[in-house]
Amino acid sequence: MGEATIRVEVICAGPERALRRRIDLAQGATVAQAIAASGMAEALPGGTISSERLGLFSRKVAPDHVLRDGDRVEIYRPLLLDPMEARRRRAR
């Protein structure tokens, strides 16, 4: 009998389009392993993914977080403007 697998989705929403990959991994795989297996780093401009900007279903997670079947790994873009500064500008 084969090794148990899970299916996850890796997604990164860019300014013009979203990149989305569905992949099968061995049970017990981590967020970092999913990103590596998806080839997402090579598809992104600059090819760098910050471990500080990763999440599952809008909740921040570490690269070593163990995934479950059906999880959606999200790679977040860097902020263009600090949220506090954006509020200040809107208040003016």
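Is glutamate 9 buried or exposed? Glutamate 9 has a relative accessible area of 11%, which is under the 20% cut-off, so this residue counts as buried. Keep in mind as you explore that this is a predicted model.

**Confidence**
- The protein chain has an average pLDDT of 87, and 91% of the residues score at least 70.
- Within the chain, confidence is highest in strand 5, at 96, and lowest in helix 3 (residues 83-91), where the mean is 79.

- Five strands form an open sheet in the order 2-1-5-3-4, and their pairing is mixed.
- At the edges stand strand 2 and strand 4 (59-60); each has a single partner strand, so one side of each is left without a neighbour in the sheet.
- Helix 1 packs on this sheet and touches strand 1, strand 2, strand 3 and strand 5. The direction of helix 1 makes about 115° with that of strand 2.
- Strand 1 and strand 5 run parallel and are joined by four bridges.
- Strand 3 and strand 5 run antiparallel, with three bridges between them. Glycine 55 stands opposite glutamate 74 in strand 5.

**The nonpolar core**
- The largest nonpolar core has 19 residues, and those touching the most other members are Val10, Leu25, Ala34, Leu67 and Val73.
- At least two residues of this core come from each of strand 1 (5-13), strand 2 (18-26), helix 1 (31-38), strand 3 (54-56) and strand 5 (72-75).
- Strand 1 gives the largest share of the core, with four residues.
- Leaving out residues up to four places away in sequence, valine 10 touches Leu19, Arg20, Arg21, Ile23, Ala34, Ile35, Ser38, Met40, Val73 and Ile75.

**Back to glutamate 9**
- Glutamate 9 lies in strand 1.
- In a regular strand, side chains alternate between the two faces of the sheet.
- The side chain of glutamate 9 makes a polar contact with the side chain of arginine 20, at 3.1 Å.
- Apart from neighbours within four places in sequence, glutamate 9 is in contact with Arg20, Arg21, Arg22, Asp71, Arg72 and Val73.
- Arg20, Arg21 and Val73 are in contact with glutamate 9, and Arg20, Arg21 and Val73 are also among the residues that valine 10 touches.

Methods:
Residues numbered from 1 in each chain as written. Predicted model: local features only at pLDDT ≥ 70, side-chain atom pairs only at ≥ 80, totals over all residues. Heavy atoms only, no water. Core = buried A, V, L, I, M, F, W, Y, C linked by side-chain atoms within 4.5 Å. Buried < 20%, exposed > 50% of the residue type's maximum accessible area, 1.4 Å probe, protein only. Contact = heavy atoms within 4.5 Å. Polar contact = N/O pair within 3.5 Å; in protein donor to acceptor, adjacent residues only side chain to side chain. Pairing = 2+ DSSP bridges. Axes fitted to C-alpha atoms, helices over the stretch in contact; angles between N-to-C directions. pLDDT = per-residue confidence, 0-100.
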